[in-house]
Amino acid sequence: MSEQQLPVIVIGAGPAGLAAAAHLVERGIEPLVLEAGPAAASAVREWSHVRLFSTWGELTDPAAEKLLAPTGWTKPDATSYPTGGDWTEHYLQPLADALGDRIRYGSRVTGVSRTGRDRIVDADRETQPFVLHVTSPEGREERIFARAVIDASGTWTTPSPAGASGLPALGEKAAADRITYRVPDLKDPAVRARYAGRRTAVIGSGASAFTALATLADIAKEEPGTHAVWVLRRGISGSTFGGGDADQLPARGALGLAAKAAVDNGYADAVTGFRTEAIERTDDGQLVLAGEDGRRLEPVDEVIVLTGLRPDLSFLSEIRLGLDERLQAPTELAPLIDPNQHSCGTVYPHGHRELSHPEPGVYLVGMKSYGRAPTFLAMTGYEQVRSVTAAIAGDRESADRVELTLPETGVCGGAGLFDDPNAGQADSGGCCAPAPALVRLGVGAPAAAPVVVEETPAGGCCGS
């Protein structure tokens, strides 16, 4: 079989993977989607209770819509906000059904290479097809050959730990029975009972942490004793709660405002500048978070760690990837999304060129393309796979014509992953973080030492 007769392998049947398959079908190229889970969008199903901050109008791909049209599929109201479960039921699973046997479930990719060439060998490398090792749930192994590989496996299965060093905090693994790395489904009675009437530490500063704080606040209104301790590695500034009303995705801005309300109304305390070094268990089974600076927080019953996700690159070890040493994102893409530098929540339009690697024919797309960077949007992934599939088809004009304008967060001022404890003083302009402290905003705030959250000036600061 010639290389052109081989399929393009898509790893992962999530939103980006399914969209990639739809674009390949539209171009007359046969895809084979390998999904490790038992059904399409396995990762999305695990957060089916969470409402997205993108509307339906931003969550469906044009090529996928064309593939769905003959099935009688009707696009949901473009202005409404689905949950993960809605997204799966009304779009992702129907799209998977339309792709039919082009998807193989229960197929975990354990390795990708060039046929007969490990990553060291140069000779005739680019003329060899790709070979993937795939394992079934029963442990059966097989080889599958491909003309190109699109890795859309995401980052969901590899959450970042509580430890601020990027390594699990001391004792974190031993305390696993009291720690979750997902936004809990507090509408589930069994899950609700785990948090109701108890103290919970929420570690993280993104949309997932906002969601957890807001839902815990809802329980606190009904269940006495329910309280959250919001642990931030940074300080509190005008950008802490996101873009608010200035966010061009209103639901995303509302998440930050809901988290702020949880703190303002006394349902949560904010601990700033705290970098977790250890998690210790008390004699009665509670957990104590110990910081790198020697501080120890009051005991909590549960910990929710929402410190981001990271890519699993283990099965790509024989492929020559060009990755940024910090973000683990493609080298050309990394400067566009680097949270150390990036500000205002916009991303320059990008496609196959920014997603390419020293190994031609391999692309990381979707969440995985961002490596450890946050704030990925579905529409970004759809434009990525449109460009990548055009490149695979040899349509360079279309592949290079990347047109995508992403909504701004309304938050300026990148370069804020690690705060200077001395920043935020009166002469700093008021936009950087205060010194590490335990603070409470709004109700119950100490009269002698109020915490003021100031607006961040346009153009940002703190080194941005």
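Two strands are taken to pair if DSSP finds at least two bridges between them. In the predicted model, strand E9 (residues 199–203) and strand E10 are joined by 5 bridges and run parallel. Within this pairing, Thr 200 has Ala 228 of E10 as its bridge partner.

Strand E10 (residues 227–231) is mostly covered, with 5 of its 5 residues buried. In a regular strand, side chains alternate between the two faces of the sheet. In E10, His 227, Val 229 and Val 231 point one way, whereas Ala 228 and Trp 230 point the other way, and all are buried.

A further buried position is found at Thr 276, which has a relative accessible area of 3% and lies in strand E12 (residues 276–281). Beyond its neighbours within four places in sequence, Thr 276 contacts Ala 162, Gly 163, Ala 164, Ala 169, Ile 203, Leu 289, Ala 290 and Gly 291.

For the protein chain as a whole, 11 helices and 16 strands are assigned, and buried residues make up 52% of its 464 residues. Of the contacts with a separation of 6 or more, 70% involve residues 24 or more positions apart. The accessible surface comes to about 20400 Å², of which 51% belongs to carbon and sulfur atoms.

Technical notes: Residues are numbered from 1 along each chain as its sequence is written. This is a predicted model: local features need pLDDT of at least 70, side-chain atom pairs count only at pLDDT 80 or more; totals for chains, interfaces and linings use all residues. Side-chain values use heavy atoms; hydrogens and water are left out. Helices (H or I, at least four residues) and strands (E, at least two) are DSSP runs, numbered from the N terminus. Buried means under 20% relative accessible area, exposed over 50%, partly exposed in between (1.4 Å probe, protein chains only). Contact means heavy atoms within 4.5 Å. Accessible areas come from the Shrake-Rupley method with a 1.4 Å probe; for residues, only the protein chains shown count as cover.
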